[in-house]
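Subject: Structure handover

Hello,

Please find the structure below, followed by notes on what was found in it.

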Amino acid sequence: GTDKLSTEAYYDLVEYDASGNAVDKYYYGKSENERIEEERIRAEEERRRAEEERLAMEKRYGKKYVEAAMNGKIIAGMHIDLVDLVCKERGGNWEVVRGDPDTQEADCLVYLPGHGEFFISVSYKTNKVVSVSRQVFF
């Protein structure tokens, strides 16, 4: 005898996609609906993780400063961790160019694509931006 599948057994191995096309579930693995559902679940989990991360950042740094960072802005009062985040997200960078022991502040040059160069002053004590300026302070 031959080991051919009967018509009934064959239909047990086939599913139909949304367009009514036969899909061999053992060849393709998962049906289109299963793949779509898994992608929806993955996207929802990613959205939930991002929301949890944002809320944790707001608790640590303050909602005003996290919102500014998420919008690519560097503002006075912002922690330098958020300056790092803005620079990384926007493909920019920043560097300390001068420290002043009298004021306990560091003057830094920031570069953000689309915004050019500008200067920030950061407190040594708080690690927060004291001022933002297009002009050189030194």
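Buried here means under 20% relative accessible area. Please also keep in mind that this is a predicted model.

Helix α4 covers residues 63–70, and its buried residues are Val66, Ala68 and Ala69. Viewed down the axis of α4, these buried residues fall within an arc of 160°, so they line one face of the helix. They pack against two other helices, α3 (32–61) and α5. Just after α4 comes Gly72, which takes a positive phi of about 75°.

The loop between α4 and α5 holds Ile75. Is Ile75 buried or exposed, or in between? Ile75 is partly exposed, because its relative accessible area is 23%, and buried would require a value under 20%. Not counting residues up to four places away in sequence, Ile75 touches Lys64, Tyr65, Ala68, Val129 and Val132. One of these, Ala68, is among the buried residues of α4. Ile75 also has a C-alpha to C-alpha distance of 7.4 Å to Ser131, although 56 residues separate Ile75 and Ser131 in sequence.

Now the sheet. In which order do its strands run? The order is β3-β4-β5-β6, with 4 strands forming an open sheet and antiparallel pairing. At the edges are β3 (93–100) and β6 (129–133), each of which pairs on one side only. From one strand to the next, the twist averages 25°.

Strand β5 spans residues 116–123 and pairs with β6 in the antiparallel sense over 4 bridges. Ser121 has Ser131 of β6 as its bridge partner. Ser131 is the residue whose C-alpha lies 7.4 Å from that of Ile75.

Helix α5 (residues 80–90) lies across β3, β4 (105–112), β5 and β6. The helix runs at about 145° to β3. The buried residues of α4 pack against α5 as well as α3.

Last, the cysteines. How many disulfides does the structure hold? The count is 0. Cys87 has a relative accessible area of 3%, so Cys87 is buried. Cys108 is buried too, with a relative accessible area of 1%.

Regards

Note on methods
Residues are numbered from 1 along each chain as its sequence is written. This is a predicted model: local features need pLDDT of at least 70, side-chain atom pairs count only at pLDDT 80 or more; totals for chains, interfaces and linings use all residues. Side-chain values use heavy atoms; hydrogens and water are left out. Two strands pair if DSSP finds at least two bridges between them. Axes are lines fitted to C-alpha atoms, for helices over the stretch in contact, and angles run from 0 to 180 degrees between N-to-C directions. Contact means heavy atoms within 4.5 Å. Buried means under 20% relative accessible area, exposed over 50%, partly exposed in between (1.4 Å probe, protein chains only). The arc is that of the directions from the helix axis to the C-beta atoms. A disulfide is a pair of cysteine sulfur atoms within 2.5 Å.
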